[in-house]
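The reader may wish to keep the sequence and the structure in view throughout.

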Amino acid sequence: MKKSYNGSCMCGAVQFSFSDKPRFVKDCVCDACRRAHGSTAVCWVGVATAQFSIDKGESHISWYASSTESERGFCSSCGTRFLFRSSKWPDEMHMSLACITTPHDLVSSGVGFTDEFPKWTAMAIK
Ligand SMILES: [Zn+2]
Ligand SMILES: [Zn+2]
């Protein structure tokens, strides 16, 4: 049986899921993710759009165009930012690993955009 992963925003208005293995799990420390999420790093899970579904609360999702090719989705009720889609990867949905609520064993394979890692954090890239 294929594994299924469920997730939600902080308030639970939006519920999403994906099945089977993700295409990638990777931390990002780019400047855009940092400002969009108000966070030092974001761990992203990328799946094929065919694997992904919004199970509840689609009308609560607002999309912000963070660049000419990319949009970042957030819950209009609680503000949790947890989705990313881009014309660069038209058949993929990326979601924040932190919002996956199912117990899982997903682990990041590495860190992207390390050249944009902020000097002010005490966190380190291992
Ligand atoms: Zn919410
Ligand atoms: Zn990023």
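Two strands are said to pair if DSSP finds at least two bridges between them. Helices (H or I, at least four residues) and strands (E, at least two) are DSSP runs, numbered from the N terminus. The model is predicted: local features need pLDDT of at least 70, side-chain atom pairs count only at pLDDT 80 or more, and totals for chains, interfaces and linings use all residues. Residues are numbered from 1 along each chain as its sequence is written, while chains are lettered from A and ligands numbered from 1 in the order in which they are written.

The protein chain contains 1 helix and 10 strands, arranged along the sequence in the pattern β-β-β-α-β-β-β-β-β-β-β. Its C-alpha atoms occupy a box of roughly 40 × 30 × 30 Å along the principal axes. The radius of gyration, taken over C-alpha atoms, can be compared with a globule rule of 2.2 Å times the number of residues to the power 0.38. For 126 residues a compact globule would have a value near 14 Å, and the 14 Å of the protein chain agrees with this.

Contacts are defined by C-beta atoms, placed from the backbone, that lie within 7 Å of each other. Of the contacts in the protein chain with a separation of 6 or more, 61% involve residues 24 or more positions apart. A residue is buried if 20 or more other C-beta atoms lie within 10 Å of its own, exposed if 12 or fewer, and partly exposed in between, again with C-beta atoms placed from the backbone. By this criterion, 26% of the 126 residues are buried.

The next element to consider is an open sheet of 7 strands, with the order 6-7-8-9-4-3-10 and mixed pairing. Strand 6 (61-65) and strand 10 stand at its edges, each with a single partner strand, so one side of each is left without a neighbour in the sheet. Within the sheet, strand 7 (residues 70-75) pairs with strand 8 in the antiparallel sense over 5 bridges, and Arg-72 stands opposite Phe-84 of strand 8.

His-94 touches Trp-44, Val-45, Gly-46, Phe-84 and Arg-85, when residues up to four places away in sequence are not counted. His-94 and Val-45 are 49 residues apart in sequence, yet their C-alpha atoms are 5.4 Å apart in space.

Asp-20, in the loop between strand 2 (15-19) and strand 3 (24-28), has a positive phi of about 70°. Asp-20 is partly exposed, with 13 other C-beta atoms within 10 Å. Phe-113 lies in the segment after strand 10 (111-112) and has a positive phi near 60°. Phe-113 is partly exposed, with 16 other C-beta atoms within 10 Å.

Key
Contact = placed C-beta atoms within 7 Å.
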